[in-house]
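My notebook is open, and I am going to look a few things up, one at a time. Come along with me.

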Amino acid sequence: MSELKTLENEMDARDEPHRLLKEDPYSGGRAPGKKPTMTTGGQPAFFSCWDIHAYYGESYIVQGVSFDVREGEIVALLGRNGAGKTSTLRSIARVDNPALKHGEIWLDHKPLHEMKAYHAAQHGIGLVPEDRRIIQGLTVEENLQLAQIAPPHGWSIERIYDLFPRLGERRKQEGTTLSGGEQQMLAIGRTLSRDVKLLLLDEPYEGLAPVIVQEIEKTLEQIKALGMTTIIVEQNAIAALHLADRAIILDMGQVVFDGKSQAVLDDADLRQQYLAI
Ligand SMILES: Nc1ncnc2c1ncn2[C@@H]1O[C@H](COP(=O)(O)OP(=O)(O)OP(=O)(O)O)[C@@H](O)[C@H]1O
Ligand SMILES: [Mg+2]
């Protein structure tokens with residue numbers, strides 16, 4: 001069988017919902033020692049992390065995580081409290097803590113594992129952190145302008161207001177006085193104002209009323225329709241699974257499932273075991 005054919009078969013196999021054994025140290029379901037998988041046609045995946053290990057000081061938290069994301073795909077990264085979701089996103093965004101000690105991270109042919117956070121952001125990583133980090137003393141518009149202070153630029157401020165009309169209405173209001181939902185919109189808008197290739201959302205629905213969650217969900221559907229490649233971490237797993245094409249479940253810093261979102265929605269035992277829902 002040709003190498004390309006083998007790769008195509010691997011991809012087909014990946015499309016099938018499957019559980020990965022926790023004992024398998026090569027948690028992406030790949031053979032030992034293999035580099036990031038290739039998409040059909042022999043092109044590298046748009047995003048790949050391969051066997052990443054990250055530490056907070058001596059604490060070994062991200063323990064050999066591997067997965068790919070195709071261009072335009074939305075992946076839900078799920079797992080119980082403390083499973084390592086935030087730490088995985090932070091490792092991908094190359095922030096200092098946790099320290100990445102091993103593994104490779106590739107985005108659109110660029111080796112993020114060789115970069116600092118600032119360069120990873122310049123190369124298209126857009127992390128929207130859980131705490132939103134709206135800058136005190138600045139209006140909504142000034143927060144957006146500050147994000148665009150250096151190229152490469154993404155969406156224009158007017159386009160962000162089209163996506164989130166509430167932000168446009170409150171453009172002169174101090175950002176930290178916005179409601180929680182509006183601050184989440186500003187945090188997402190600020191990230192889109194940069195030239196983002198991979199959007200990383202850490203608990204975008206956290207602490208928000210159901211009606212606001214629905215509003216942000218609608219916006220994320222719009223962003224999805226535009227083809228933005230996204231990894232979403234959410235405690236509200238059901239909402240994330242409805243938005244995402246694929247789900248990856250982490251447990252104790254390792255991937256325990258990588259498959260279709262629908263497969264998780266259909267598997268009550270799996271949800272109970274790893275998501276407690
Ligand atoms: N700065 C830190 N220093 C030391 N340990 C940390 C630090 N941040 C997180 N951890 C530990 O790393 C583990 C994974 O945490 P992480 O925040 O990645 O989990 P999570 O899956 O995002 O959880 P949650 O759903 O509660 O947000 C936890 O055991 C946590 O206590
Ligand atoms: Mg977290």
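**Ground rules.** I am reading a predicted model, where local features need pLDDT of at least 70, side-chain atom pairs count only at pLDDT 80 or more, and totals for chains, interfaces and linings use all residues. Residues are numbered from 1 along each chain as its sequence is written, while chains are lettered from A and ligands numbered from 1 in the order in which they are written.

**Ligand 1.** I looked up its neighbours, where near means a C-beta atom, placed from the backbone, within 6 Å. Of 13 residues around ligand 1, Tyr56, Asn81, Lys85, Thr86 and Ser87 come nearest. I also checked which element gives the largest share of the shell: α2, with 3 residues. Helices are DSSP runs of H or I with at least four residues, and strands are runs of E with at least two, numbered from the N terminus.

**The sheet.** I traced an open sheet of 4 strands in the order β2-β1-β4-β5, with antiparallel pairing; two strands pair if DSSP finds at least two bridges between them. Its edge strands are β2 and β5, each pairing on one side only. I found β4 (99-107) and β5 joined over 2 bridges, and Trp106 opposite Pro111 in β5.

**Helix α2.** Is α2 mostly covered or mostly open? I found 8 of its 9 residues buried, meaning 20 or more other C-beta atoms, placed from the backbone, within 10 Å of a residue's own. Leu89 and Ile92 are among them. Just after α2, Arg94 has a positive phi of about 65 degrees.

Definitions and conventions: A residue is buried if 20 or more other C-beta atoms lie within 10 Å of its own, exposed if 12 or fewer, and partly exposed in between; C-beta atoms are placed from the backbone.
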